[in-house]
Amino acid sequence: MYRLRFVVLLMELLLSVVAVAQRRPPEPYGPCPTEAQVRWQRMEMNMFCHFGPNTFSGREWGGGNESADLFNPSQLDCDQWVAVARGGGFRGIIITAKHHDGFCLWPNPASSHTVRESGWRNGEGDVLLELSQACSRGGVKFGVYISPWDRHDPTYGTPWYNETFRRTLEHALTRYGEVFEQWFDGANGEGPRGKKQEYDWGLFNHTVARLQPQAVIFSDVGPGCHWVGNEQGVCGETCWSRLNTDGFQPGALAPSLEVLNQGERDGKYYMPAEVDVSIRPGWFHHSGEHPKTVQELLGIYYTSVGRNSVLLLNVPPDRRGLIDAEDSARVMGLRAALDAIFGNDLAKQAHVYASNVRGEGLWTYRAANVIDTNYHRYWAVDNGCLHPTLTLAFDKQVSFNRVMLQEYIPLGQRVENYEVQVLQKGKWVTIATPTTIGYKRILLTDTYTTKEVRIRFTGCRACPVISRVGLFRDTIYQGEGTR
Ligand code: FUL
């Protein structure tokens with residue numbers, strides 16, 4: 001008798017421990033982002049500026065033997081670049097401080113091939129200074145591309161180059177204020193008989209981390225974010241913000257392009273993808289070439305930001321040191337289209353229900369959090385609940401062809417499979433069976449008119465934590481949808 005009572009008491013105690021646990025936020029799952037990675041991913045779109053001797057020679061890869069005098073912009077105005085970035089909704093600008101030709105856009109004491117050696121402004125000019133100041137005036141973040149491959153530096157191909165490169169980094173990262181992203185290019189065109197450089201990546205990454213601890217480091221293998229595996233603007237439909245990079249290196253020793261494109265389900269490190277793509281055929285501005293259309297740019301938005309990656313769109317300044325009017329018009333066109341499409345979230349009119357709400361329906365984790373735009377408020381379910389359903393019910397019919405979902409990534413990437421369904425003549429019809437979500441996923445569907453939309457989570461690695469669900473009507477983009 002006593003023994004029975006004891007067992008009952010013990011059970012009650014256990015149940016109340018479980019209940020208390022369910023009131024707390026869900027435990028993080030797997031590798032999770034740093035605060036800097038979360039801030040970075042929430043920037044969504046940044047602008048890349050390829051600018052340097054190639055702008056003046058018409059080449060894409062300079063030989064490193066160009067005269068410093070070749071670099072001579074007649075009307076450099078970094079405030080104009082920032083105005084274009086702001087108008088386009090880009091949160092940061094990354095400049096090619098040093099491309100493969102080795103020419104430095106700032107007076108780098110570790111190099112003898114810089115703006116200081118050029119006739120431009122009598123050797124007194126400094127593009128990094130002007131751009132960083134323009135960025136801070138305009139409220140846009142500042143980042144740098146510094147190419148490890150160097151076709152000018154005489155120490156390249158010897159162990160001494162690593163120290164030269166460290167000094168280069170140190171100088172660029174200490175004089176221009178906060179740097180949000182450090183971009184390391186993996187390219188090397190030396191060929192089999194060219195110079196071979198053993199890069200000291202540990203030293204380079206450590207130098208960045210020491211001088212700019214908040215900077216997210218980009219390379220083929222991170223550690224902050226990784227290359228998406230192509231320069232066409234396309235991330236995989238399945239995209240895990242996780243990667244196994246142990247034993248890999250940027251360049252020839254990087255993981256396969258397919259792995260870079262989709263990330264790895266069981267990747268050891270949290271490392272989101274970045275999609276770098278140029279608005280023009282080349283990375284540098286060449287007269288006679290033209291930028292992509294707004295339709296093409298919209299397509300790229302959907303295959304980058306819409307697939308859990310950050311878009312880095314290259315909009316290269318011309319020989320004057322200004323962004324071409326045609327490019328600027330396309331950027332504004334993209335912004336206008338995005339505002340028109342995403343300015344009206346139909347989901348906001350919904351009554352939202354869920355099959356489970358964490359902690360016996362706690363208000364903190366309520367289903368309606370998915371239609372509130374505060375990223376930090378989310379819908380969460382009990383720990384063991386891996387197949388919940390979320391329903392959006394409307395008083396009047398709504399017509400949509402875009403579904404946007406966001407996981408709350410500070411707690412890790414958790415969703416692997418789900419179905420989107422609409423109620424048609426009393427029956428649930430499945431309209432999409434996607435895979436991952438991550439920070440943001442935008443599904444392109446046919447246009448559906450309905451009073452109820454339902455999301456069935458069919459595969460989750462841990463109880464899902466959903467920050468946002470949006471429904472939109474896009475009447476602009478004519479391209480193919482993804483299901
Ligand atoms: C590549 C480089 O070789 C291109 O010139 C460009 O800078 C692009 C962003 O990365 O690897």
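Mentor: We will go through a ligand site, a strand, a helix, some single residues and some backbone angles.

Mentor: This is a predicted model, in which local features need pLDDT of at least 70 and side-chain atom pairs count only at pLDDT 80 or more, while totals for chains, interfaces and linings use all residues. Residues are numbered from 1 along each chain as its sequence is written, and side-chain values use heavy atoms, with hydrogens and water left out.

Trainee: Which residues surround the ligand?

Mentor: A residue is near a molecule if one of its heavy atoms lies within 4 Å of it. Here the ligand is surrounded by Phe48, His50, Trp61, His99, His100, Tyr145, Trp183, Asp185, Ala187, Glu231, Asp276 and Trp283. For classes, Ala, Val, Leu, Ile, Met, Phe, Trp, Tyr, Cys and Pro count as nonpolar, Asp, Glu, Lys and Arg as charged, and the others, Gly among them, as polar. By that scheme the shell holds six nonpolar, three polar and three charged residues.

Trainee: Where do polar side-chain atoms come within reach of the ligand?

Mentor: A polar contact is a pair of N or O atoms within 3.5 Å; within protein, one must be able to donate a hydrogen and the other to accept it, and residues adjacent in sequence count only if both atoms are side-chain atoms. A polar side-chain atom of aspartate 185 lies 2.6 Å from an oxygen atom of the ligand. For histidine 50, an N or O atom of the side chain is 2.7 Å from a ligand oxygen, and for histidine 100 the distance is 2.8 Å. Taken alone, the ligand exposes 290 Å², of which the protein buries 91%; such areas come from the Shrake-Rupley method with a 1.4 Å probe, and for residues only the protein chains shown count as cover.

Trainee: How many residues of strand β9 are buried?

Mentor: Helices (H or I, at least four residues) and strands (E, at least two) are DSSP runs, numbered from the N terminus. Buried means under 20% relative accessible area, exposed over 50%, and partly exposed in between (1.4 Å probe, protein chains only). In β9 (residues 273-278), six of the six residues are buried, so the strand is largely enclosed by the rest of the structure. Ala273, Val275 and Val277 are buried on one side, and Glu274, Asp276 and Ser278 on the other. Asp276 is also one of the residues around the ligand.

Trainee: Which strands pair with β9?

Mentor: Two strands pair if DSSP finds at least two bridges between them. Strand β6 (residues 225-227) pairs with β9 in the parallel sense over two bridges, and histidine 226 has alanine 273 as its bridge partner in β9. Strand β10 (residues 309-314) also pairs with β9 in the parallel sense, over six bridges. There, glutamate 274 stands opposite valine 310 in β10.

Trainee: Which elements do the buried residues of helix α9 pack against?

Mentor: Contact means heavy atoms within 4.5 Å. Seven of the ten residues of α9 (residues 294-303) are buried, among them Leu297, Ile300 and Tyr301. The buried residues pack against β1, β9, β10, α10 (325-342), β13 (389-407) and β16.

Trainee: Is glutamate 44 counted as buried or exposed?

Mentor: Glutamate 44 counts as buried because its relative accessibility is 14%. This residue lies in the loop between α2 (35-43) and β1 (45-49). Its side chain makes polar contacts with the side chains of tyrosine 439, at 2.8 Å, and lysine 440, at 3.0 Å. Leaving out residues up to four places away in sequence, glutamate 44 touches Tyr301, Val305, Val310, Leu311, Tyr439 and Lys440.

Trainee: What does the side chain of threonine 450 reach?

Mentor: The side chain of threonine 450 reaches the backbone oxygen of leucine 423 at 2.8 Å. Threonine 450 is found in strand β16 (residues 441-460) and counts as buried, at 1% relative accessibility.

Trainee: Which peptide bond is cis, and which residues have a positive phi although they are not glycine?

Mentor: Most residues other than glycine have a negative phi, and most peptide bonds are trans. The bond from glycine 222 to proline 223 is cis, with omega near 20°; proline 223 is in the loop between β5 (216-219) and β6. Arginine 121 has a positive phi of about 50° and is partly exposed, with a relative accessible area of 38%. Lysine 425 also has a positive phi of about 50°, and at 87% relative accessibility lysine 425 counts as exposed. Lysine 425 is in the loop between β14 (415-424) and β15 (427-432).
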